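I opened this notebook to record what I looked up in one structure. The entries follow the order in which I made them.

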Amino acid sequence: MGFFEKIKQGLKKTRENISGQIAQMVNSFTKIDEELFEELEELLVMGDVGVNTSQYLCEELRKKIKEKGITNPALIMDELKSIVTEMLQGDDSLHIDTKPSVILVIGVNGVGKTTTIGKLAARLRAEEKSVILGAADTFRAAAIEQLEVWAQRAEVPIIRHSEGADPAAVVFDTIAAAKARGCDVVICDTAGRLHNKKNLMAELSKISRVIERELPGCDKETLLVLDAATGQNAVNQAREFQNAAAITGIVLTKLDGTPKGGVVLPIKQDLGLPVKFIGVGEQVDDLQPFDAAAFAEALFETGEEAPQKEAPKNALPESESESEPEGREPLPEPIVETEEKTAEEEAPVQEESAGQEEGQKKRKFWPFGRKKDEA
Ligand SMILES: Nc1nc2c(ncn2[C@@H]2O[C@H](COP(=O)(O)OP(=O)(O)O)[C@@H](O)[C@H]2O)c(=O)[nH]1
Ligand SMILES: [Mg+2]
């Protein structure tokens, strides 16, 4: 299945929920009037677009319609599509040019962080980049093991400590290994339990300080993973994390199987965060770089659905295959670090330096800057 087919397939339910409903509504109107706009706004809100963004879309649509002198309701869909395309446009590429660069993957439990890291590692490796993973979600042994499985699938090395170890120490060791091996990209998993929000945020800022100190000026992406199926809750999570980390992009997972994909619009419009990747399934090749035009096209596509899902033509390794195909290079030896050191022993961190770095000054990076966390 091609790039666009995958997105189209992944957005099936969202498309039915948003543009399917809107098209049906518009068809029942013979002229464009206030009632039409009211119904449109309602449908957008119900499609998880959020109140603010729905109002914004309707305002823009009114302007366009007036400007162009459009009177036929049937022409509304195309106008809406072009407004959405424009809204979603932005800098959605990964900036990982320094060697090494770092991708820190954050988000609450279960949203798809570890899976996304596996898919991303495979994708980067297919682009001839050498990748190393850091298992800095040390909360449960199973989380480390899950990342190890993905490391094997993607054929990339992984640095791990044991359960309960200091996540910042894992990041420190991963960066050290990346430097020693000349890796291009370090990707770090993190724990995402929000039951102790203050600890989680403190942990993220400690990890960020280790990265800044060990790789000053490196390209760093902090990707917040959000589960599209959680709808407006995903927007709220993004708000929370924006207060704790300098997020550079969103990965919106599980778009397949949810009608709530409209949430991509308020994430971009209300929060100003670029969606950089979308997850449209559980397989290794189910992570797609976000493309505003393709997304809008897939969202508003009204043609026939593809009759059935074909087996994907995988350029990437088959994720479930146990056997090693002939002719494939052997897996790189995983580095398994089990020695326990705290990040402070290994890497004394200057508390004062937190949040001083370029790019983070612009955002509310320091988690304790928030009044409610200060106590
Ligand atoms: N359908 C679907 N499932 C996904 C996607 N991304 C992740 N998952 C599933 O979501 C579940 C939680 O993922 P995991 O990576 O463990 O989340 P984490 O706790 O944030 O690390 C797993 O069962 C994944 O297979 C996606 O894009 N589509
Ligand atoms: Mg995980």
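**Entry 1: ground rules.** I noted that this is a predicted model, in which local features need pLDDT of at least 70, side-chain atom pairs count only at pLDDT 80 or more, and totals for chains, interfaces and linings use all residues. Residues are numbered from 1 along each chain as its sequence is written, while chains are lettered from A and ligands numbered from 1 in the order in which they are written.

**Entry 2: overview.** I looked up the secondary structure and found 14 helices and eight strands. Helices (H or I, at least four residues) and strands (E, at least two) are DSSP runs, numbered from the N terminus. I then looked up burial: of the 375 residues in the protein, 44% are buried. A residue is buried if 20 or more other C-beta atoms lie within 10 Å of its own, exposed if 12 or fewer, and partly exposed in between, with C-beta atoms placed from the backbone. For contacts, the C-beta atoms of two residues, placed from the backbone, must lie within 7 Å. Among contacts between residues at least 6 apart in sequence, 79% join residues at least 24 apart.

**Entry 3: the core.** Which residues touch the most other members of the largest nonpolar core? I recorded Ala121, Leu133, Val171 and Ile187, in a core of 93 residues. Helix H8 (residues 167–181) gives the most to this core, with seven residues. A nonpolar core here is a set of buried Ala, Val, Leu, Ile, Met, Phe, Trp, Tyr and Cys residues joined through C-beta atoms within 7 Å. In soluble globular proteins, nonpolar side chains tend to be buried together.

**Entry 4: H8 and H9.** I turned to H8 and helix H9 (residues 197–214), which pack at an angle of about 25 degrees with their axes 9 Å apart. That makes H8 roughly parallel to H9 (angles under 35 degrees count as roughly parallel, over 145 as roughly antiparallel, 65 to 115 as roughly perpendicular and the rest as oblique). Axes are lines fitted to C-alpha atoms, for helices over the stretch in contact, and angles run from 0 to 180 degrees between N-to-C directions. From H8, the residues Pro167, Ala168, Val171, Phe172 and Ile175 meet Glu203, Lys206, Ile207, Val210, Ile211 and Glu214 of H9. By class, this contact of H8 with H9 has eight nonpolar, no polar and three charged residues. Ala, Val, Leu, Ile, Met, Phe, Trp, Tyr, Cys and Pro count as nonpolar, Asp, Glu, Lys and Arg as charged, and the others, Gly among them, as polar.

I also looked at Met201, which is placed in H9. Is Met201 buried or exposed? Met201 counts as buried, because 21 C-beta neighbours lie inside 10 Å. Met201 and Ala244 are 43 residues apart in sequence, yet 5.8 Å apart in space, C-alpha to C-alpha.

**Entry 5: H4 and H5.** I found helix H4 (51–68) and helix H5 (76–88) packed at an angle of about 120 degrees, with their axes 10 Å apart. H4 and H5 are therefore oblique to each other. Leu57, Glu60, Leu61, Lys64 and Ile65 in H4 meet Ile76, Glu79, Leu80 and Ile83 in H5. The residues of this contact of H4 with H5 divide into six nonpolar, no polar and three charged.

**Entry 6: backbone exceptions.** Most residues other than glycine have a negative phi, and most peptide bonds are trans. I noted a cis peptide bond between Lys99 and Pro100, with omega about -5 degrees. Pro100 lies in the loop between H5 and strand E1 (101–106). Asp48 has a positive phi, near 65 degrees, and sits in the loop between helix H3 (34–46) and H4. Asp48 is buried, with 26 other C-beta atoms within 10 Å. The phi of Glu155 is also positive, near 60 degrees. Glu155 is partly exposed, with 17 other C-beta atoms within 10 Å.
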